[in-house]
Every structure is written in structure tokens, then in C-alpha cells.
Amino acid sequence: MDYSAANTGLWNFFINMGILAGALLFSNVLLRKSAIIRKSLMPTAVLAGFLLLVLRSLEILNLPAAFLEMVTYHGIAIGFIALSLRSTGEGDRSQGKGFQSGALIISTYMMQAVAGLLISIGLGYTVMPGLFKASGILLPMGYGQGAGQANNVGSTYEALGFAGGQSFGLSLAAAGYLCACVVGVIYLSIRSRKGLKVGRDADLLSGSVTVDTFEDKEEAPLSESVDRLSIQVALVFLTYLLTYLVTLGLTKAIGAASENLGNLLSPLLWGFNFII
């Protein structure tokens with residue numbers, strides 16, 4: 001096997017991950033050192049994204065779109081798993097917050113889907129009879145899932161007859177991103193002026209570790225043959241493996257019962273694997 005830089009398949013993924021990690025760390029330094037940026041309450045990931053966008057515009061860096069879609073797709077599922085597996089102590093205020101957060105996000109997606117369908121169906125039967133009436137379902141894809149999912153489902157809709165479905169989904173994703181960056185940051189700034197402690201000004205962030213709770217009773221020790229971080233990573237990826245197997249089983253079972261139904265539901269099941 002060729003271990004040199006000529007083997008791009010061996011190195012490209014880790015090089016791109018290193019670039020993302022470097023952008024995040026540099027953005028974190030900027031947020032810590034710049035009072036102006038810190039007061040804007042801009043998330044570190046958003047600032048890193050803007051920096052990478054500038055570097056791409058200047059043709060200094062150009063991360064592959066397929067790589068970014070892959071990271072977004074898997075990152076959403078892994079984030080949900082890590083949140084849901086979060087350990088909470090007895091009497092802890094955060095007990096059950098993982099499930100509550102997941103339910104809140106999913107209910108938000110549902111409201112966006114219903115609102116989007118009502119709009120697209122209403123337009124389809126009135127002033128825009130040529131509009132693909134199911135296009136409204138792309139609203140939660142763009143606003144909640146991001147460009148990767150909006151692109152994938154939009155492409156699926158193109159195959160079903162929605163001309164320009166991929167571009168439509170990406171447009172919604174761009175609108176959702178701008179809404180989160182502009183409206184969300186403005187909202188947090190207004191709330192912080194009214195006394196709400198957010199971001200780095202909070203006394204104790206959600207999930208923060210204090211000296212008293214650094215190593216709870218019956219928790220995996222910090223130093224053993226397998227350290228605590230390795231156990232957590234193993235649990236997350238084991239859960240993701242089970243998610244893959246369950247989704248694969250469902251798609252195969254549905255496809256065996258009805259090929260047409262399988263072709264219809266398979267993209268949705270794989271697109272929303274984080275729910276499973």
C-alpha cells in the first residue's frame with residue numbers, strides 16, 4: 001500500500017478534517033481575544049464557516065462539497081446520539097434534557113413541514129398551478145438539516161418531476177443559514193441585554209464540569225485500561241452502527257413488501273436517520 005501523499009484516498013479525509021479543526025480553533029481564539037466579536041454572540045462554528053468561505057472566495061482553500069455534505073450528514077446523527085446518551089445524576093436539573101431537546105427539535109421540524117406544505121399546496125392550487133405541491137416539505141430540510149439534506153431530498157424530488165428541486169432545496173438551506181446567523185444572533189443579543197445569561201457570560205454552561213462533579217460515584221474512572229473518553233466514543237459509534245443496521249433492515253423490509261414504496265421511503269429513512 002502506498003502511504004505517501006500520492007495516495008489521496010488515504011490522506012484527503014484527514015487533511016480536510018484538519019482544516020476544519022484548524023478553522024474552529026482559530027475562530028475560538030478570535031472569540032476569546034476580540035471583545036467586539038465576543039459581544040456579537042456569534043457561535044464559533046459560524047465564524048469558522050465564514051472564514052472558510054472567505055478563503056474559498058480568495059481561492060486559497062477549497063474543501064470538496066461532497067466532503068462537507070458527508071460531515072454534515074453524519075455529524076447531525078452523532079450529535080443527536082451524544083446528546084441522548086448524556087449521563088445525568090439523580091436530582092440533576094439536566095435529567096432528561098437530551099430526550100427533551102431531541103423532541104423539541106423534531107417537533108420544530110414537523111411544524112416547518114406542515115407550514116411548508118400548506119404554502120406549497122396553497123400556491124399549487126391557486127396562483128402557481130405548475131408548482132410541485134410537495135415542495136414545501138423541503139422547508140425543514142433547508143432550515144433544520146442544512147444544505148446536505150436539502151440537496152439530497154431536492155435531487156430525489158427532481159427524479160419525481162420537480163424541475164429545479166435541487167436548486168430550490170439549496171436556496172431554502174441558504175435562507176435558513178442566514179436566518180440562524182442573523183436573526184438568531186440578534187435575538188440572543190437582545191435577550192442578553194435584558195439580563196439573560198447566555199454564551200460565555202453564563203455562570204455555569206449546560207454540561208459544564210465542576211470540581212465536585214468531575215468524577216461521580218459509579219462513573220467510569222478517568223484512568224483505567226480504557227479511559228472515559230474512549231468509552232464515550234465507543235458508545236456513540238456503537239449506537240450509530242445499530243442505527244445503520246436498523247435503517248438498513250427497515251429499507252430492505254419495505255422494499256421487499258413493495259418496490260415502489262421502498263423507493264419512496266428509503267431516502268426519507270436514510271435522510272432522517274438521526275431520529276432512529
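Helices (H or I, at least four residues) and strands (E, at least two) are taken here as DSSP runs and are numbered from the N terminus. By that rule Lys39 is found in helix 2, and Lys39 is exposed, with a relative accessible area of 70%. Exposed stands for over 50% relative accessible area, buried for under 20%, and partly exposed for what lies in between (1.4 Å probe, protein chains only).

The model is a predicted one, in which local features need pLDDT of at least 70 and side-chain atom pairs count only at pLDDT 80 or more, while totals for chains, interfaces and linings use all residues. Residues are numbered from 1 along each chain as its sequence is written, and side-chain values use heavy atoms, with hydrogens and water left out.

**Overall make-up**

The protein has ten helices and zero strands, and its elements, read from the N terminus on, run α-α-α-α-α-α-α-α-α-α. Of the 276 residues of the protein, 22% count as buried.

**Nonpolar cores**

In soluble globular proteins, nonpolar side chains tend to be buried together. A nonpolar core is defined here as a set of buried Ala, Val, Leu, Ile, Met, Phe, Trp, Tyr and Cys residues that are joined through side-chain atoms within 4.5 Å. The largest such core has nine residues, namely Leu138, Leu139, Met141, Ala150, Val153, Tyr157, Phe162, Leu172 and Ala173. At least two residues of this core come from each of helix 6 (138–145), helix 7 (147–159) and helix 8 (165–193). Another core, of eight residues, lies apart from it and includes Ala77, Ile81, Val236 and Tyr240.

**Surface patches**

Patches are made of residues with over 30% relative accessible area and no salt bridge, where like charges are joined within 9 Å and nonpolar side chains (Val, Leu, Ile, Met, Phe, Trp, Tyr) within 5 Å. A salt bridge is a side-chain nitrogen of Lys or Arg within 4 Å of a carboxyl oxygen of Asp or Glu, and accessible areas come from the Shrake-Rupley method with a 1.4 Å probe, only the protein chains shown counting as cover for residues.

The nonpolar patch on the surface is formed by Phe50, Leu53, Tyr177, Leu178, Val182, Val183, Ile186 and Ile190, which together have about 710 Å² of accessible area. Helix 3 and helix 8 are the elements that give two or more residues to this nonpolar patch, and helix 8 gives the most, with six residues. Tyr177, which lies in helix 8, is partly exposed, with a relative accessible area of 38%.

A patch of positive charge on the surface gathers Arg32, Lys33, Arg38 and Lys39, and helix 1 (8–33) and helix 2 (35–39) each supply at least two of its residues.

**Single residues and pairs**

Glu59 lies in the loop between helix 3 (44–57) and helix 4 (65–84), and its phi is near 60°, a positive value in a residue other than glycine. Glu59 is also exposed, with a relative accessible area of 71%.

Gly22 has its place in helix 1 and is partly exposed, with a relative accessible area of 35%. Asn12 likewise lies in helix 1 and is partly exposed, at 39% relative accessible area. Ala163, by contrast, lies in the loop between helix 7 and helix 8 and counts as exposed at 73% relative accessibility. The table pairs each of these residues with a residue elsewhere in the sequence.

| Pair | Separation in sequence | C-alpha to C-alpha distance |
|---|---|---|
| Ala163 and Phe132 | 31 residues | 8.3 Å |
| Gly22 and Ala48 | 26 residues | 8.9 Å |
| Asn12 and Pro64 | 52 residues | 9.9 Å |

Technical notes. Lys and Arg count as positive and Asp and Glu as negative; His and the chain ends are not counted. The place of a charge is taken as NZ of Lys, CZ of Arg, CG of Asp or CD of Glu.
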